[in-house]
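Welcome to this tour! Please open the model in your viewer and keep the selection tool at hand. We will go from stop to stop together.

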Amino acid sequence: MLEQILGLIKEYAEQAVNANTEIPEDKKQQTVQVTTEAVTDGLKQHLTPSNLSSLSSLFRNSTANTAGNPIVNGIKSMLTNALMQKVGLPQGTSNSFASGLVPSLISMLSSKMNNSSGSGFNLESLVNAFSGSNNDQHGNILGTLGNFFK
């Protein structure tokens, strides 16, 4: 489950980075890695059992309004700062990239959660995956995330 979610985040980040002409070619790989880590860290920070009400409203439907949502804004801020500090992208480029990626990524995850075909995932499994509440091997977010960059 966790690997599926991280795979979706990384794939989405790769597509967004490769489509962005403001990110220099020599920084694209690092940008994908930093983006995946920052978004994952942001989700992990907000996807907690004590935050279920906010999460439920954010992920309720695939057309959720992400503008002004504190969870989305928090993740955008984390990503913007990470891109400036770790990759060395200018603030404008970092902010523009994060502002485009995070809301659309949240909408994509929401769409997967609301997938009636059964191939999606639900809020509880998302919270468990990121909080490590399930005691199996998939609860280890750091170990799983590390495997994507080997």
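Select helix α2 (residues 28-46) and helix α4 (residues 70-87) of this predicted model; the two cross in a right-handed way. (A crossing is left-handed if the near helix is turned anticlockwise from the far one by less than a right angle, and right-handed if clockwise.) Their axes come within 9 Å and cross at roughly 145 degrees. Those axes are lines fitted to C-alpha atoms, for helices over the stretch in contact, and the angles run from 0 to 180 degrees between N-to-C directions. Helices are DSSP runs of H or I with at least four residues, strands are runs of E with at least two, and both are numbered from the N terminus.

Now show the side chains where the two helices meet. On the α2 side, the contact includes Val-34, Ala-38 and Leu-43, and on the α4 side it includes Leu-79, Leu-83 and Val-87; contact means heavy atoms within 4.5 Å. Colour the residues of this contact by class and you will find 11 nonpolar, seven polar and three charged ones. Ala, Val, Leu, Ile, Met, Phe, Trp, Tyr, Cys and Pro count as nonpolar, Asp, Glu, Lys and Arg as charged, and the others, Gly among them, as polar.

Before going on, a word on how to read the model. Residues are numbered from 1 along each chain as its sequence is written, and side-chain values use heavy atoms, with hydrogens and water left out. Since the model is predicted, local features need pLDDT of at least 70 and side-chain atom pairs count only at pLDDT 80 or more, while totals for chains, interfaces and linings use all residues.

**Val-34**

Stay in helix α2 and centre on Val-34. Which residues does Val-34 touch, not counting residues up to four places away in sequence? They are Leu-79, Ala-82, Leu-83, Lys-86 and Val-87. Val-34 is buried, with a relative accessible area of 6%; buried means under 20%, exposed over 50%, and partly exposed in between, using a 1.4 Å probe and protein chains only.

**Helices α1 and α5**

Next, select α1 and helix α5 (residues 91-113), which pack at an angle of about 140 degrees with axes 11 Å apart. This crossing is right-handed. Leu-8, Tyr-12 and Val-17 are among the α1 residues here, and they belong to a group that meets α5 residues including Phe-97, Leu-101 and Met-108. By class, the contact has 10 nonpolar, one polar and one charged residues.

While helix α5 is selected, look for Ser-94. Is Ser-94 buried or exposed? Ser-94 is buried, at a relative accessible area of 0%. Leaving out residues up to four places away in sequence, Ser-94 touches Thr-80, Leu-83, Met-84 and Leu-89. Ser-94 and Ile-23 are 71 residues apart in sequence, with 9.0 Å from C-alpha to C-alpha.

**Two partly exposed stops**

Go to helix α1 (residues 2-19) and pick Gln-15. Gln-15 is partly exposed, with a relative accessible area of 47%. From Gln-15 to Val-32, 17 residues apart along the chain, the C-alpha separation is 9.0 Å.

Then jump to Leu-52 in helix α3 (residues 52-59). Leu-52 counts as partly exposed at 39% relative accessibility.

**The whole chain**

Zoom out. How many helices and strands are in the chain? There are seven helices and zero strands. Of the 150 residues, 42% count as buried. Among contacts with a separation of 6 or more, 72% join residues 24 or more positions apart.

Finally, colour by pLDDT, the predictor's confidence in each residue, from 0 to 100. The chain averages 80, and 72% of the residues score at least 70. Helix α4 has the highest mean among the elements (95), and helix α7 (residues 141-147) the lowest (45). Over residues 135-150 the pLDDT is below 50. Where pLDDT is low, the predicted coordinates should not be read in detail.
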